[in-house]
Amino acid sequence: MIALLTRDLRLAIRAGGGFGLGLAFFLLVAVIVPLGVGPQAATLAIIAPGILWVGALLSCLLSLDRIFALDFEDGSLDLLATSPLPMEGVVAVKALAHWLVTGLPLVLAAPVLGVLLHLPAPGYLWLVISLTLGTPALSVIGAFGAALTVGLKRGGLLMSLLVLPLYMPTLIFGAEVVKRGAAGMEIATPLALLAGITAGSLALLPFAAAAAIRVNLR
């Protein structure tokens, strides 16, 4: 498993479709939004939680098609399917690699981008906490969507249509945590729901993705 994780991390960094692309897109969102809505700090402070979470979501979405597509094209996925490694573990490792390359850098960069959007000071901690809790769910759900469309020509668009509705609860509760935290309100309910979505995704979706891969490889 460790060898597979190391391999996927190296391939993701060499391909240039994860770390750099996701961060660049996240930065563009944080820079373009003030240009579109105006530089008023009060307005930006209100929309900052939602904008930062939408930017993180779309940044994760950009590299989802690479989770299984490259392995399918070079035949590595067939070898992994017939190896002693359980396919559920392979899916979990690939989702972890995607999060390390895409999700973790977004978590680390989010407070800096929050400054550009005039996020209120109490919201920075909750921004980091919500992204740390929520972005693993984005990677696992994305791995499930990538497994459903592996081997399909132009499957990236179909995968986006499948994955985006599943992303909505994470987006809603993640942004709500930051919004309430910035306003000094109670955040226990949205935070618990966000953690529950991530825990449920981690527990169930690797098995569903593994089943989808087995069907697509037949």
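At what angle do α7 and α9 pack, and how far apart are their axes? In this predicted model, the angle between α7 and α9 is about 20°, and their axes are 7 Å apart. Because angles under 35 degrees count as roughly parallel, α7 is roughly parallel to α9. The crossing of α7 with α9 is left-handed. The residues of this contact comprise 21 nonpolar and six polar, with no charged ones. Thr198 lies in helix α9 and is buried, at a relative accessible area of 7%. When residues up to four places away in sequence are not counted, Thr198 touches Leu133, Gly134, Pro136 and Ala137.

The axes of α6 and α7 come within 8 Å and cross at roughly 150°. Since angles over 145 degrees count as roughly antiparallel, α6 and α7 are placed in that class. Their crossing is right-handed. On the α6 side, the contact is made by Val91, Ala95, His98, Trp99, Gly103, Leu106, Val107, Ala110, Pro111, Gly114 and Val115. On the α7 side, the contributors are Tyr124, Leu127, Val128, Leu131, Thr132, Thr135, Pro136, Ser139, Val140 and Ala143. By class, the residues of the contact of α6 with α7 are 15 nonpolar, six polar and no charged.

The loop between α6 and α7 contains His118. This residue has a positive phi of about 55° although it is not a glycine. Most residues other than glycine have a negative phi. With a relative accessibility of 38%, His118 counts as partly exposed.

For α3 and α6, the packing angle is about 160° and the axes are 10 Å apart. The two helices, α3 and α6, are therefore roughly antiparallel to each other, and their crossing is right-handed. Leu44, Leu52, Ala56, Ser59 and Cys60 of α3 make the contact with His98, Thr102, Leu106, Ala110, Leu113, Gly114 and Leu116 of α6. This set divides into eight nonpolar and four polar residues, and no charged residue takes part.

The largest nonpolar core has 52 residues, of which Phe68, Val91 and Tyr167 touch the most other members. At least two core residues come from each of α1 (2-15), α2 (19-37), α3 (41-62), α5 (76-82), α6 (87-116), α7 (123-149), α8 (155-183) and α9 (188-217). The greatest contribution is that of α6, with ten residues. In soluble globular proteins, nonpolar side chains tend to be buried together. Apart from neighbours within four places in sequence, Tyr167 is in contact with Leu57, Leu61, Leu64, Leu138, Ile141 and Gly142.

Lys94 is located in helix α6. With a relative accessible area of 3%, Lys94 is buried, because the cut-off for that class is under 20%. Leaving out neighbours within four places in sequence, the contacts of Lys94 are Arg7, Asp8, Ile67, Phe68, Asp71 and Leu80.

Conventions. Residues are numbered from 1 along each chain as its sequence is written. This is a predicted model: local features need pLDDT of at least 70, side-chain atom pairs count only at pLDDT 80 or more; totals for chains, interfaces and linings use all residues. Side-chain values use heavy atoms; hydrogens and water are left out. A nonpolar core is a set of buried Ala, Val, Leu, Ile, Met, Phe, Trp, Tyr and Cys residues joined through side-chain atoms within 4.5 Å. Buried means under 20% relative accessible area, exposed over 50%, partly exposed in between (1.4 Å probe, protein chains only). Helices (H or I, at least four residues) and strands (E, at least two) are DSSP runs, numbered from the N terminus. Contact means heavy atoms within 4.5 Å. Axes are lines fitted to C-alpha atoms, for helices over the stretch in contact, and angles run from 0 to 180 degrees between N-to-C directions. Angles under 35 degrees count as roughly parallel, over 145 as roughly antiparallel, 65 to 115 as roughly perpendicular and the rest as oblique. A crossing is left-handed if the near helix is turned anticlockwise from the far one by less than a right angle, and right-handed if clockwise. Ala, Val, Leu, Ile, Met, Phe, Trp, Tyr, Cys and Pro count as nonpolar, Asp, Glu, Lys and Arg as charged, and the others, Gly among them, as polar.
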